[in-house]
Amino acid sequence: MIGKLLTSDFLKIKRKGLWFLTALGPIGVVALQMVNYGIRKDYLLQQSEDDWGYYLLNVHSFTPLAIVLGIAILTSFMASIENETNAWKQLIALPVSKLTVYLSKFTVLAILLFLSSTLLMLVTMAYGVFLDLGDSIPFGELAKFSYYPYFAALPILALQLWIASVCHNQGIPITVGIFGVIFAYSSYFLPDWMIWKWPSLMNQWDEPIINVMLGIGIGIVLYIIGTIDFARRDVK
């Protein structure tokens, strides 16, 4: 049944712009570096002996903002599709549990974000090769800066989906998302326990993997809480 729900959800978003937004985020992040390096390439290449490493840091400086904003928009759009067509009642009327319905929504969003992270890695690598930053492409660092923020942002995804699913007025999750973007922009000043800091991969131990582990662990916890709350509520 989960397979049929996933197929249904993917069909629902087919012409709703979610695929466009999924691609827009990573392309936009790298496009900013195209402008950056297009204007002052010589200056930037003088800032470090590791051209690839410095380039990846520049790309990563915008990744947390893009992923937090993307999560807010995608989750709100996903919930809006159901609200506009009054599809929540139709879904619940089917011989499926609310837990399965919620899992399907979360899985679709997680897949979209994973694909977005994959596209980010590919576009980042392509532009790095175009800039001729060196023959030795750091595939490990490329993967880290592309996928680590994704896993670290899972609690934000779980939280935003929870809010979007239980609030008929999508202005509330969008507002929370805007505050999340502000927090992500100020991540350097945030305490390590705030989930909006984790996609930046910064912490007092200087170990990005800690953010990934926290993201996965707390993401699971928030997903379970959101699922239970969604299952207990009456669908309107």
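**View 1. F10 and W19, a pair of aromatic rings.** F10 is partly exposed, at a relative accessible area of 24% (partly exposed lies between buried, under 20% relative accessible area, and exposed, over 50%, with a 1.4 Å probe and protein chains only). W19 is likewise partly exposed, at 37% relative accessibility. This is a predicted model, in which local features need pLDDT of at least 70, side-chain atom pairs count only at pLDDT 80 or more, and totals for chains, interfaces and linings use all residues. Residues are numbered from 1 along each chain as its sequence is written, and side-chain values use heavy atoms, with hydrogens and water left out. The structure holds 13 aromatic pairs. In one of them, the ring centres of F10 and W19 are 6.0 Å apart and the planes are at 20°, so the pair is stacked. Rings of Phe, Tyr and Trp (its six-membered ring) pair if their centres lie within 6.5 Å; planes under 30 degrees apart count as stacked, over 60 as edge-to-face and the rest as tilted.

**View 2. Y102 and F230, a tilted aromatic pair.** The centres of these two rings are 5.3 Å apart, with 40° between the planes. Y102 belongs to helix α6 (residues 98–130) and F230 to helix α10 (residues 208–232), so the pair ties together parts that are 128 residues apart in sequence. Helices (H or I, at least four residues) are DSSP runs, numbered from the N terminus. Y102 is buried at 1% relative accessible area, and F230 is buried at 6%.

**View 3. An aromatic cluster and a charge over a ring.** One aromatic cluster is formed by Y37, W52, Y55, Y127 and F130. Elsewhere in this view, K144 lies over the face of F145, 4.9 Å from the ring centre. A charge sits over a ring if NZ of Lys or CZ of Arg is within 6 Å of the ring centre and within 35 degrees of the ring normal.

**View 4. The lining of the largest pocket.** The lining of this pocket comprises 25 residues, and G25, P26, A66, I67 and G70 lie nearest the centre. A pocket is an open set of points on a 1 Å grid over the protein atoms alone, where a 1.4 Å probe fits, with protein on both sides within 12 Å along at least five of seven lines; lining residues have an atom within 4 Å of a point. Helices α2 (18–45), α4 (63–84), α6 and α7 (139–152) each supply at least two residues of the lining.
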